[in-house]
Amino acid sequence: MAAPTLQQPSFLLANLKADTTTKPLLHRCQDLVKIIDDYPAKELHAIFPWLVETVFGSLDGIIAGWNLRLLHSRSHEYNIVLEFLKPSGPMMKLVYKLQAEEYKYEIPVNYLPGPVKACIQEGVLPDCPLFHNKLQFPLSGVLTLNLALNPFEFFMFNFAYCLITPKSYPQGQQGSSTDSAYFVLVDTYLKYFLPSEGSVPPSPFSDSRGSVTAPSPRSSSVSFAGYGVHSPSLLKHHIFHQPSVNADPAAQEIWRSETLLQMFVEIWLHHYSLEMYQKLQSPQVKEPFSPTEEHVLVVRLLVKHLHAFSNSLKPEQLSSSPSAHSHTHTSPLEEFKRVVVQRFVQQKLYLFLQNCFGHWPLDASFRAVLETWLSYIQPWRYTGEKTNPQQDQNRTVPDKWELFVQENLLMYTKLFQVFLNRAVRTDLVNVKNALMVFRVAKVFAQPNLAEMIQKGEQLFLEPEHVLHHRQPRGYLTPSQGGSYVSSKQRVVTDMVFRVKSHVYALEGQDCQYKQMFGTELRGAVMKLIQIIAQARQTAKRISDHSSMATGNNSFMSWFGMGSSDLNNTFNGAEAEESGECLKKTHEFLDRALENLCQIFKLNQGQLNQLISNLGSSQDDGNCKQLPDCIQGENGLILTDLGRKQIISGLRRFDIRYQGDPELQPIRSYENALLVRLLYRISSLLNDRFGGHMNALCSRPDFLGRLGRHYLADPDSTTQLKQSPLSRRTLERNRQPRLSLRPLASYRTILLLLIFYVLGAVLSFGPVSSTLLILGGGFLLGLVMTLFGDKLKKH
């Protein structure tokens, strides 16, 4: 990070740097509070860049700073940091103290988001007014351009950039928690500077130089020169451009709100331009920026708060009548609420989500992206009204949100299409993936929403000549010589223009729009329904198989008569494939099917026929087949067809643990010390008597069968052919061996204890009880050897 220009040496700065290695954080913060209160702005100016870097880390990620993203409520430093950095805390007091002067702090252009940096380096003014009139041209050349920011901008830039700075986290730690100090501070700053109730509290230091201007009310006669033109700034004369000493106090304070929002949007979202997005559609092009799950969670927090902020607009300010705007004074904050989502966030968030939908891995972490999208397209959830969750599920979307749907049409239609492309490529047997499909279907199935989207598409598809007859927006009532018919025509024309402007601004003039309710997408939905039906069958089959396996090893396994295969308790299956999760998968997919039928008005009879045909085409024998493979030198190798069969849930391998059974992870029902001790004893015995064991188990007579009962059965490994397995591993597992690991189970220990207690009650000593137990085990082995096959059949 570059230091401010012509910074003088400071003994204060040297002392603070020395304290960072000798004093704990609490004492350092206490010292800083005193320094901020007592020292003049000139001295504080010298330490400000260093202090910001110490707190948030360097822009290149080399200096970690206070690690706000890893600091959680369990840490004793958590409250210290929040108290120091809160909007009314010491750090912000320092910012305001420096803001009252004309100090500037430099940020290298190289750290700006890609599209902004490209514009500046090409000599083009960026869209965002935040970066206007701030360029510093050094003598060394264009490549070392810097931005000169005021203290508040400099602080917020570093705070926002802290989220996307590449960090090397310690092993076992990751910054995706929503209770981290950083996440809490973002939420606090949003509530403070973008309040849903009241106004932004004034800063403790007034800026006598009037570096900001009062926003003038937005003109009602704003027009577009053509489609794809970005909306003008919120203010007729932007707040950073027109200094005015006689500014309205309320307008003097809104500059912080706009600065904070623009900084967050630019740093977190503006990594993709329309041209860059179109290039990224090619799979060969590497994406320039990859957001993390933590990054997306913070963006969702921003989206939710902006909806709540915008929805807090006073009811009398919601009127869209131009005459009302011309006669009624609207406060700058209320005007800001009116346009904050559409003008500041929409386009950049759309491109951000497009990239995430197209490049995010096909795993459960996509849930963060999905919920961010669903939060944006449901602003009615953040109105502040308390509703019953049961009623909220079936609540009709109010008609007043029709305008929002039209002005955000692509957020609904295009992103839904991209989600469909993802859904057909994910494993819907996984409960987390099934939940995501259900969530999307549930949101779009809300009453009245599909009709609003259809109406928006119809408006976009209106013939182009409609726009050539567009009338001025000055409406005439019948008493003024107009007519209600002509007024209605103007309203429809304005709606058509609004939707077309939105689509062309986000997708470009030459975009080929695909209807969400058109024939092509309907076919894609039917394909998804087929995959959902296949996943339902697979989930039910696995669930039934798990239930049968559990039932077969319930009671008799306590007495050693169940399967001795440890794979029953460690079969390599994920937690999402447990019986309970599979039931949830079936439920989610069932409800997703119902919602999809409701959204696209699908005929229930045809749907049932489709599902029944699918079921009849897959008999039980086919379901139990392995995925398509070829036999390789070291085992089975999946073909492309086999991979598709696994992804779609049609077929799967019988996944089992295939390593050394004695080296499986220690279970919760085993004593770790005994497992390790018994493994060493059994290893010594196997090494010493391995040859004799092989000779015994290879005999075809009764003794051989008895030996195979107590030692590893070579025939038991044939079941492993149901999975890819190297021949070396297969041969190693065929070797007979003595396993003492069952003795480390708490169940076995409890049974032995019960037998010894019974022996003591019957006046048997420890030696006699031991001999009786060994004799009983031997007799049980004889019975299982003689009648084991018959018992298995029953």
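Trainee: Which residue stands opposite L135 in β3?

Mentor: That would be L147. Keep in mind that we are looking at a predicted model. β2 and β3 (residues 146–149) pair in the antiparallel sense, over 2 bridges.

Trainee: What order do the strands of that sheet come in?

Mentor: The order is β1-β3-β2, an open sheet of 3 strands with antiparallel pairing. β1 (105–108) and β2 (135–136) are the edge strands; each has a single partner, so one side of each has no neighbour in the sheet.

Trainee: And β4, which strand does that join?

Mentor: β4 (residues 629–632) is joined to β5 (residues 635–638) by 4 bridges, and the two run antiparallel. If you want a pair to look at, C629 has L638 in β5 as its bridge partner.

Trainee: How many helices and strands are there in the protein?

Mentor: There are 31 helices and 5 strands.

Trainee: OK, helices then. How does the length of α18 compare with what it should span?

Mentor: It agrees. α18 (residues 431–444) has 14 residues, which at 1.5 Å a residue should span 20 Å, and its end C-alpha atoms are 20 Å apart.

Trainee: Is α18 mostly covered or mostly open?

Mentor: Mostly covered, with 12 of its 14 residues buried. Among them are N433 and R439, along with V431, L435, F438 and F444.

Trainee: What goes on at the start of α18?

Mentor: There, N430 has a side-chain oxygen within 2.8 Å of the backbone nitrogen of K432.

Trainee: Back to F444 at the other end of the numbering you gave. What is F444 in contact with?

Mentor: Leaving aside neighbours within four places in sequence, F444 is in contact with W373, I377, Y412, F416, L449, A450, I453, M516 and I599. F444 also stands out in the largest nonpolar core: of its 176 residues, W268, W373 and F444 touch the most other members.

Trainee: Which helix gives the most to this core?

Mentor: Helix α13 (residues 332–359), which gives 13 residues.

Trainee: Changing topic: where is H271 found?

Mentor: H271 is in the loop between α9 (249–268) and α10 (274–279).

Trainee: Is H271 buried or exposed?

Mentor: H271 counts as buried, because its relative accessibility is 6% and the cut-off for buried is under 20%. A polar atom of the H271 side chain also lies 2.6 Å from the backbone oxygen of I267.

Trainee: What about L410, which helix has that one?

Mentor: L410 has its place in α17 (residues 409–423). L410 is buried too, with a relative accessible area of 1%.

Trainee: What does L410 touch?

Mentor: Not counting residues up to four places away in sequence, L410 touches Y350, L415, H502, V503, L506, E507 and Y513. Have a look at V499 as well: L410 and V499 are 89 residues apart in sequence, yet 9.5 Å apart in space, C-alpha to C-alpha.

Trainee: How much of the contact total in the protein comes from residues 24 or more positions apart?

Mentor: Among contacts with a separation of 6 or more, such residues account for 79%.

Trainee: Last one: what share of the residues is buried, and what is the surface like?

Mentor: Buried residues make up 45% of the 794 residues. The accessible surface comes to about 41,100 Å², and 56% of that belongs to carbon and sulfur atoms.

Terms used:
Residues numbered from 1 in each chain as written. Predicted model: local features only at pLDDT ≥ 70, side-chain atom pairs only at ≥ 80, totals over all residues. Heavy atoms only, no water. Core = buried A, V, L, I, M, F, W, Y, C linked by side-chain atoms within 4.5 Å. Buried < 20%, exposed > 50% of the residue type's maximum accessible area, 1.4 Å probe, protein only. Contact = heavy atoms within 4.5 Å. Expected span 1.5 Å × (residues − 1). Polar contact = N/O pair within 3.5 Å; in protein donor to acceptor, adjacent residues only side chain to side chain. Areas by Shrake-Rupley, 256 points an atom, 1.4 Å probe, with all protein chains shown as cover. Pairing = 2+ DSSP bridges.
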